[in-house]
Amino acid sequence: VFCTLPASKATVLDASGNLTLAGIVTANAKLDMNGTELILDADADTSITSDTDDQIDFKIGGTDSISITPSQVTITDADASQPRLLLKNTNADTSSAFLDFQKDSASPANDNLGIMRWIGDDDGGNTVAYATIFANSPDVTDGSEDGTFQVQTIVNGTNATRLSVSNTIDIHGNELILDADNDTSITADTDDKIDYRIGGADVMQMNATAFSGGAIYENADDI
């Protein structure tokens with residue numbers, strides 16, 4: 001059935017079943033899908049739906065791939081090593097793509113500026129953030145701002161900061177591994193004391209007033 005409505009009367013069009021339109025459809029006001037699926041491609045397996053209130057779902061190739069709510073964007077894929085988020089810059093100069101985290105506060109003061117978390121399950125079915133990196137602004141004074149970057153991990157079920165970077169690098173008393181087989185390191189897990197481990201053995205300790213375990217050489221000729 002074909003029908004042509006004059007512009008003065010073409011205000012409401014109700015249709016039940018399938019409605020096929022050829023050419024370009026222009027909606028000068030709202031196009032209300034009322035929660036039904038908007039199919040985008042020829043084989044009807046790519047679409048946009050909003051049948052859940054305040055949520056938009058994108059189906060691509062017959063698979064629910066992207067979901068958008070006012071507070072979250074979720075990309076889902078059941079294949080190995082997927083999904084992947086690609087920010088691609090094709091400019092011929094040396095600049096690259098950006099991933100920005102912005103905290104726009106009317107009263108900034110030591111704010112967390114951005115957080116990235118690596119989340120997985122444990123064997124009890126609980127969701128765990130195994131590693132986290134975040135940046136904050138400990139000093140927001142105009143002209144003398146300071147920023148910090150921290151890395152946190154779970155060890156023995158406890159989350160703690162392992163590395164902090166500001167104008168200094170703080171490893172928070174954790175072991176600094178020096179060699180390839182992880183048996184030579186420096187640790188300062190006791191306050192004001194440095195422990196040296198070489199070949200898997202604790203060989204030297206040092207504090208502000210004493211040195212023990214091993215020998216001190218001023219230069220190579222003394223060895």
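**View 1. Strands β7 and β8 run antiparallel and are joined by seven bridges.** Strand β8 covers residues 146-155. Strands here are DSSP runs (E, at least two residues), numbered from the N terminus. Two strands pair if DSSP finds at least two bridges between them. Across this pair, Asn-136 faces Thr-148 in β8. The hairpin has six residues between its strands, and Gly-143 takes a positive phi near 95°.

The model is predicted: local features need pLDDT of at least 70, side-chain atom pairs count only at pLDDT 80 or more, and totals for chains, interfaces and linings use all residues. Residues are numbered from 1 along each chain as its sequence is written, and side-chain values use heavy atoms, with hydrogens and water left out.

**View 2. Strands β6 and β7 pair in the antiparallel sense over nine bridges.** β6 spans residues 112-121, and β7 spans residues 127-139. Arg-117 stands opposite Thr-132 in β7. Five residues separate the strands of this hairpin. In the turn, Gly-125 has a positive phi of about 85°.

**View 3. Thr-127 lies in strand β7.** Thr-127 counts as exposed because its relative accessibility is 61%. (Buried means under 20% relative accessible area, exposed over 50%, partly exposed in between, with a 1.4 Å probe and protein chains only.) Beyond its neighbours within four places in sequence, Thr-127 is in contact with Ile-119, Gly-120 and Asp-121. Contact means heavy atoms within 4.5 Å.

**View 4. Ile-56 lies in strand β3, residues 56-60.** Ile-56 has 37% relative accessibility, so Ile-56 counts as partly exposed.

Methods:
Helix = DSSP H or I, 4+ residues; strand = E, 2+ residues; numbered from the N terminus.
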